[in-house]
Amino acid sequence: MPQNINSFQKIKSIDTGVLFMLLSSLFGALNGAIAKILSDSMDPVEVVFYRNLIGGLIVLYSLQKIKVSFNASKIHLLFLRGLFGGTAMVLFFYTISTIPLGEAVVLNKTSPFFVTILAYYLMKEKINLATFFALIIGFVGVIFIMKPFGIEISLDHIFGVLGGFFSAAAYATIKKIKDIYDARVIMLSFMGVGMLIPLGLFLFTPYVQFQIHTDLFIWSLIGFMAIISTASQWLLTKAYSLSKASIIGVVSYTNIPFALGFGVMLGDTFPDIYTLIGIVLIVIGGILVSKKTTKSEKRD
């Protein structure tokens with residue numbers, strides 16, 4: 001009888017974790033959809049600035065309520081996390097505004113492949129034959145989406161892949177500092193640098209334009225985006241705490257069909273056969289890489 005109770009509790013825990021991950025994926029895709037809507041009225045880099053400004057204020061408020069100690073010994077890594085994460089967000093929001101939402105999300109999902117590669121070069125982690133095969137599958141998927149064999153390849157798709165790379169660099173940095181800094185301090189570094197990058201692009205390049213916005217609808221969307229992106233991160237954290245990382249890693253790819261659906265609703269064309277093949281290959285490669293990463297973390 002106790003064994004049956006334990007089995008039921010495990011199933012219930014897994015179901016709750018999966019539910020939280022599904023909600024996180026839905027909110028994440030919705031966040032991208034809102035960013036795409038805002039890009040019709042604002043420069044996408046400007047959207048990044050205001051999203052991080054509001055998110056930073058929320059984190060600062062929480063730090064006022066529950067204070068944490070600050071260790072300056074690894075502040076350079078904290079800055080790098082912000083730089084990598086802020087750059088990834090700028091590239092992601094830019095690609096959202098220029099290519100279909102589903103494609104932008106899929107290209108950003110290449111980050112697990114880059115995490116594995118960075119771990120090999122920076123942390124001397126081994127890449128076995130199965131993982132190497134998974135990386136090949138994933139990058140073949142990227143090729144199908146970018147279509148270099150036709151005329152549809154664009155700089156925007158390259159920026160999407162670079163966004164995945166910088167996301168991976170940010171994750172690798174978090175792994176180094178997660179036991180040193182409170183999660184809110186790490187988030188604040190990301191949001192702080194995530195405001196400086198758009199300001200720098202605005203002040204020193206001719207490519208970014210900031211405007212004074214008086215439309216209440218625009219500010220409502222920005223505020224809503226900040227709230228749901230924070231909720232998505234919280235749900236993601238809860239999902240990984242309630243269920244196995246291998247299960248949650250697989251479920252996290254549900255944000256791709258969510259993003260495809262929102263994209264079509266916003267006027268994106270339905271993906272062609274090459275894009276669909278690319279999506280399937282990236283998902284398969286990502287799942288295989290995630291399983292390898294989970295096993296190595298258990299050994300550690």
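Which element gives the most to the lining of the largest cavity? That is α11, with four residues. The structure here is a predicted model, in which local features need pLDDT of at least 70, side-chain atom pairs count only at pLDDT 80 or more, and totals for chains, interfaces and linings use all residues. Residues are numbered from 1 along each chain as its sequence is written, and side-chain values use heavy atoms, with hydrogens and water left out. Helices are DSSP runs (H or I, at least four residues), numbered from the N terminus.

**The largest cavity**

- The largest cavity holds about 60 Å³ of space, where a volume is the space filled by probe spheres set on grid points that are joined across faces, edges and corners.
- Its lining is made up of P100, G102, E103, A259, L260, G263, V264, D268, T269 and P271 (lining residues have an atom within 4 Å of a point).
- Two or more of these lining residues come from each of α4 (101–108) and α11 (255–265).
- By class, the lining of the largest cavity has five nonpolar, three polar and two charged residues (Ala, Val, Leu, Ile, Met, Phe, Trp, Tyr, Cys and Pro count as nonpolar, Asp, Glu, Lys and Arg as charged, and the others, Gly among them, as polar).

**How α4 meets α11**

- The axes of α4 and α11 come within 7 Å and cross at roughly 155° (axes are lines fitted to C-alpha atoms, for helices over the stretch in contact, and angles run from 0 to 180 degrees between N-to-C directions).
- The two helices α4 and α11 are therefore roughly antiparallel (angles over 145 degrees count as such; under 35 is roughly parallel, 65 to 115 roughly perpendicular and the rest oblique).
- On the α4 side, L101, G102, V105 and V106 meet N255, I256, A259, L260, F262 and G263 of α11 (contact means heavy atoms within 4.5 Å).
- This contact of α4 with α11 has seven nonpolar, three polar and no charged residues.

**The second largest pocket**

- About 200 Å³ of space lies in the second largest pocket (a pocket is an open set of points with protein on both sides within 12 Å along at least five of seven lines).
- Its lining residues are D43, P44, V45, V90, L91, Y94, F159, L201, T205, Y207 and V208.
- Both α2 and α3 give two or more residues to the lining of this pocket, and α3 has the largest share, with three.
- The lining of the second largest pocket divides into nine nonpolar, one polar and one charged residues.

**Partners of α3**

- Helix α2 (residues 44–65) packs against helix α3 (residues 75–98) at about 130°, with their axes 8 Å apart, which makes α2 oblique to α3.
- The crossing of α2 and α3 is right-handed.
- In α2, P44, V45, V47, V48, R51 and N52 meet M89, V90, F93, Y94 and S97 of α3, a contact with eight nonpolar, two polar and one charged residues.
- Helix α7 (residues 155–177) packs with α3 at an angle of about 155°, with their axes 8 Å apart, so α3 is roughly antiparallel to α7.
- The crossing of α3 and α7 is left-handed, and their contact has 14 nonpolar, eight polar and three charged residues.

Technical notes
1 Å grid on protein atoms, 1.4 Å probe; cavity = no way out; pocket = protein on both sides within 12 Å on 5 of 7 lines; lining within 4 Å. Left-handed = near helix turned anticlockwise from the far one by under 90°.
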